[in-house]
Amino acid sequence: MFVPCSQCEPDNIVSVVLLCFHASDSEYFKGSSEYRKLRVCVATCNRADYSKLAPIMFGIKAHSDEFELEVVVLGSHLIDDYGNTFRMIEQDDFGIDSKLHTIVRGEDEAAMVESVGLALVKLPDVLQRLRPDILIVHGDRFDALALATAAALMNIRILHLEGGEVSGTIDDSIRHAISKLAHYHACCTRMAEQHLIAMCEDHSRILLAGCPSYDKLLLTHHKDDYMDIIKSWLGDKVQDHDYIVALQHPVTTDIQHSIKIYGLMLDALLSFNKKTLILFPNIDAGSKEMVRVMRKKGIEQHPNFRAVKHIPFEQFIQLVCHAGCMIGNSSCGVREAGAFGTPVINLGTRQTGRETGENVLHVRDADTHNKIYHALELQFGKRYPCSKIYGDGSAVPRILKFLRSIDLDEPLQKTFCFPPVKESISQDIDHILETQSALAVDLGGTNLRVAIVCMRGKILKKYTENNPRTFEDRMELILKMCKDAVQDAVSINCRILGVGVSTGGRVNPQEGVVLHSTKLIQEWSCVNLRTPISDALHLPVWVDNDGNCAALAEKKFGHGKGVENFVTVITGTGIGGGIIHHHELIHGSTFCGAELGHIMVSLEGPECSCGSRGCIEAYASGMALQREAKMLHDEDLLKVEGMDMKICEPITAAHLISAARMGNSKAAAVLHKASTALGVGIVNILHIVNPSLVVLSGVLGSFYQEPVQQVLSQRALTSAQTIRVVTSHLEEPALLGAASMVLDYATRRTY
């Protein structure tokens with residue numbers, strides 16, 4: 001057995017080797033081929049991407065025995081108006097192998113296209129001279145697209161940083177195009193990794209590294225001299241957390257609108273009257289007009305503002321970390337600022353697709369000065385929990401290890417696959433100014449309940465009344481409770497999107513009509529619920545059976561979330577449920593699909609409330625167990641020693657369960673028969689629709705879960721015996737299911 005010497009690391013052991021070699025040895029071997037340094041070319045286009053690439057460049061330089069660093073500088077680095085930022089690369093003591101002037105001035109769409117073309121003309125000579133083994137390209141700039149295109153066509157391996165992210169503008173198209181050209185990927189978040197997989201990229205060539213800039217900022221943002229840095233840019237009178245950093249770039253797919261938003265942002269900042277450090281926009285089309293707007297408003301001469309073209313990254317970190325707020329549409333706001341908990345206002349659509357921490361407030365339709373000013377009032381001076389969505393400070397070691405693992409003998413041709421992609425959720429100003437909600441109505445045999453339910457499934461307010469016995473009184477009470485709830489919704493800052501009604505009985509959800517009800521709800525057949533509620537409240541209305549609503553609740557908020565096929569069985573006063581098949585609810589041709597309580601498990605069983613015999617409900621419902629408990633009690637066979645039972649207390653199913661647990665064999669036999677009946681009924685369901693999950697809901701769900709699972713393992717077909725039976729954790733499935741009809745289908749507004 002080969003044991004490495006103390007200087008070797010396991011990651012450096014390749015195949016079977018009989019000798020150990022180190023950096024100090026005169027010759028290197030990898031398998032049978034002579035080892036040489038990996039030539040890594042890092043191409044940087046602007047100040048923003050250099051902040052991400054510099055930590056990697058330092059890491060490569062620190063391992064000069066393994067890597068040979070080549071540096072290519074192009075794009076706005078070499079333009080005086082943007083600060084000649086190539087000098088900071090030289091100040092970091094990196095040798096620049098090639099400087100390419102690739103920007104065609106004009107700052108419009110045509111100039112961007114011409115700049116890409118000019119870069120494509122100049123890059124082949126440089127890449128042919130440098131002959132790198134791998135080219136590292138960052139992000140989503142048009143310059144980076146030219147780099148990736150040239151390298152791919154010249155059969156040079158490409159490592160793309162920060163692929164798979166979603167921002168919301170033309171940058172997405174460029175970023176994804178670079179990802180398709182790249183051979184390897186170092187992404188920042190788990191969701192970005194999933195996006196790359198969904199884009200057919202080979203999972204084995206994707207590294208979840210985190211953002212390289214976090215390696216630097218997490219180490220340096222607590223510098224003791226931060227006040228000196230702040231004062232050097234904003235003056236001696238400025239205080240910690242009492243100034244604003246503003247950075248807004250043009251959106252090239254809607255230049256005029258982005259210029260308008262820029263002007264409104266400047267107006268809001270002028271009105272807000274706080275010291276503001278504002279950076280010039282990037283070189284994209286529309287930037288020249290934005291600078292013109294800034295100068296027209298006198299920002300460069302205003303005493304509250306300091307307008308700058310460039311700030312060194314280390315100092316910029318300090319300024320963002322200690323700002324009272326950051327505003328604009330820079331990716332720094334949704335990425336780096338989260339590491340400090342700095343409040344951020346993201347204007348427009350440029351970054352709305354990105355993952356964000358709690359600190360980011362989106363104002364997507366920033367169409368008025370007042371809206372932006374109000375966002376400043378909400379955010380300025382707050383501190384949020386620090387977020388590490390984009391990194392933990394260890395990206396560079398991971399990337400270097402990934403580079404070491406690249407096999408240059410592997411073919412360049414990529415392979416593909418097609419997995420699913422997860423959805424991103426970010427905080428929107430809607431969630432603060434107005435909580436979008438549904439009005440849920442649950443009509444049961446005993447109670448009538450109405451609730452205000454928000455998007456996340458939280459019940460914000462609930463109302464309960466006894467269910468009247470007559471149709472007229474019941475409708476009158478429903479309308480009154482709904483109107484009261486709509487009125488109360490205003491006071492708790494909710495906007496009601498619609499009304500969802502859960503009711504017992506057979507329902508035509510297409511028409512919103514209760515066709516026929518059980519004996520539990522009197523005078524409740526052929527009832528049009530949609531029309532009177534909609535007319536009274538001027539809101540859309542959805543109506544469905546309570547069992548179906550329980551299934552919808554599980555689908556949106558419970559165990560069924562993301563499950564394609566599952567069944568929900570309600571075990572309460574009666575037995576009901578719903579079936580989700582291919583993510584859709586089954587109603588049936590006459591709307592009596594999933595009447596699970598009336599599946600017959602015996603030809604000569606007890607009478608059911610439906611008029612038939614031997615239904616699951618006649619054995620396993622709360623009413624059936626109560627009936628059996630009363631019979632045992634009347635025969636003085638229910639109570640056992642130590643059982644707490646008051647003389648005048650009504651007998652319920654709970655007494656039967658309690659007696660069985662305390663050793664009453666008669667009670668245990670009743671419950672065994674009920675569990676078996678329910679289990680056999682569920683076996684029948686499994687053999688018909690073959691779901692992957694069974695969810696037991698209702699007050700008896702936790703009691704039935706284990707015995708039903710046993711029945712499945714004994715009586716189901718072999719392929720169905722392993723299907724899981726779980727107990728619902730939802731406290732109000734009927735209300736949540738009623739709400740989900742609204743929340744899933746009502747049109748959602750963005751602020």
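User: What counts as a contact here, and what share of the contacts between residues at least 6 apart in sequence join residues at least 24 apart?

Analyst: A contact means heavy atoms within 4.5 Å. This is a predicted model, in which local features need pLDDT of at least 70, side-chain atom pairs count only at pLDDT 80 or more, and totals for chains, interfaces and linings use all residues. Residues are numbered from 1 along each chain as its sequence is written, and side-chain values use heavy atoms, with hydrogens and water left out. Among contacts in the protein between residues at least 6 apart in sequence, the share that joins residues at least 24 apart is 67%.

User: What percentage of the 751 residues is buried?

Analyst: A residue is buried if its relative accessible area is under 20%, exposed if over 50%, and partly exposed in between (1.4 Å probe, protein chains only). Of the 751 residues in the protein, the buried ones make up 54%.

User: Which helix holds Glu 617?

Analyst: Helices (H or I, at least four residues) are DSSP runs numbered from the N terminus, as are strands (E, at least two). The protein has 24 helices and 28 strands. Glu 617 lies within residues 616–620, which form helix H19.

User: Which side chain of opposite charge is nearest to Glu 617?

Analyst: Lys and Arg count as positive and Asp and Glu as negative, while His and the chain ends are not counted. A salt bridge requires a side-chain nitrogen of Lys or Arg within 4 Å of a carboxyl oxygen of Asp or Glu. Glu 617 is buried yet has no salt bridge. At 8.9 Å, its nearest side chain of opposite charge is Arg 627.

User: Which residue has its backbone nitrogen 3.0 Å from a polar atom of the Glu 617 side chain?

Analyst: Glu 617 touches several residues beyond four places away in sequence, including Gly 574, His 598 and Met 623. The backbone nitrogen that lies 3.0 Å from a polar atom of the Glu 617 side chain belongs to Ile 575.

How values were computed
A polar contact is a pair of N or O atoms within 3.5 Å; within protein, one must be able to donate a hydrogen and the other to accept it, and residues adjacent in sequence count only if both atoms are side-chain atoms.
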